[in-house]
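Open the model in your viewer and keep the selection panel at hand. The tour goes from one site to the whole chain.

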Amino acid sequence: MSTVVGIPEQPVLVVGPCSAEISRLCETMRAGGWTLLVAEDMDRARWLASIQKVALILIADSHSEPDAANAIRPVSNAPLVVLGDPSPRSVISLVEAGVDAVIDPRAGDDDVLARLGALLRRVDRASAPGVRFLRADTLSIDLLARESALDGAALALSPTEYAVLTLLMTRPHEALPVQTIVRQVWGWSAADGRNALRIIVNRLRRKLEDDPRSPQYIAAVRGVGYRFIADVVEMGDRANPPQPSQANDPLNWVEGLALELMGCDSVVGAGELLLDALDASGYAEGMAVFRVDQDVMRLVAVRGMSDAWTERVAGGIPLDPSFASVQSVLTGEPVQFGDIHAVGGHFRATAAQLVDEGVRAGHFFPIEGRHGVWGNLGLVRRSGQPFDEPAMAFCRAMCAVFSARVAGLAAP
């Protein structure tokens, strides 16, 4: 299937409950490597579509009335497909409500998947948002608006200055050869562009107030090229989700976790409760909590990761900054990226662990303790969609509630 249709980079949202035909279709899609998010009701579907970018929304027959399409269309631009009655009367009313296609699931998995593949190929990939913001200390770049700012003030960068800075920030801590930068920014040979690059870098340093003798952002690598030396956090597009229902309000999850933790008497039990709450929120497909134990981090709780991954980390993770989770512990700051392949040079240990899991995006949050960083919360997505600011704030709040409880519990 995947060789014919292709695997979407973003998850597919399935709105149920599902019939036998649609359940079978979902199993076929999973077997082909598709990532699915499943919502039993429309309210949950609206919530999931607002916190993650999805490639496709499939509405099961029992939800195929136009009201369902009208409810979900305002929160997502993804293709909307109804798996149900393809009669002309039904199709007309659904198309008027914003549905892109109506497909009969009884036609068989191959037919349905071929139609879904054709619909996905028609979608303009350039309009599908993934990483939008790059941030390093007080420097930020808005990739969609092509704007940059330092200390909250707009930076007046030329198109070439912007291109060089963006390239360096998308590959932080990696020494990029001159020929690589020149080829990607100008399309020239290194011999033609070396002096031009030096001039652009000098201009960038002046605008960033970055002293080349003690750089904060751009460092020269003798005999190679340049390296962006600050940690970069990749963030998703700011969503404008609908008002969450009481069940899906993040504040309710934070409050619920706090109440459940009051009755917990072990670190492992607390970690399980934290991941139960995060799993229910739908923010990520895989997650784990680690605690710092001298010179290693030890696994406390895990969800959504393979048995092979769990076995690999069973003996602990060394405090090596080539692990993104360890970097967040050592710096006390979140580490986030939208594509593990793009940061594999810096976080090579994390890449080695997660590529086989089919993971694209990673989000690692330090968990504070009484005497420094207690541990780490890691969340991963199999789509290249980093968290936006509200999601980051939600995860920090959950970590804070968890931290307040485990401070009084003995380590296992």
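Buried means under 20% relative accessible area, exposed over 50%, and partly exposed in between (1.4 Å probe, protein chains only). This is a predicted model: local features need pLDDT of at least 70, side-chain atom pairs count only at pLDDT 80 or more, and totals for chains, interfaces and linings use all residues. Residues are numbered from 1 along each chain as its sequence is written, and side-chain values use heavy atoms, with hydrogens and water left out.

**Stop one.** Select Asp111, in helix H6 (residues 109–122). Helices are DSSP runs of H or I, at least four residues; strands are runs of E, at least two; both are numbered from the N terminus. Asp111 has 30% relative accessibility, so it counts as partly exposed.

**Stop two.** Select helix H10, residues 250–262. Which residues of H10 are buried? They are Pro250, Trp253, Val254, Leu257 and Leu261. Look down the axis of H10: these buried residues fall within an arc of 100 degrees (directions from the helix axis to the C-beta atoms), so they line one face. The face turned away from the buried side carries exposed Leu251, Leu259 and Met262.

**Last stop.** Zoom out to the protein chain: 15 helices and 19 strands. Buried residues make up 51% of its 412 residues.

Methods: The expected span of a helix is 1.5 Å times one less than its number of residues.
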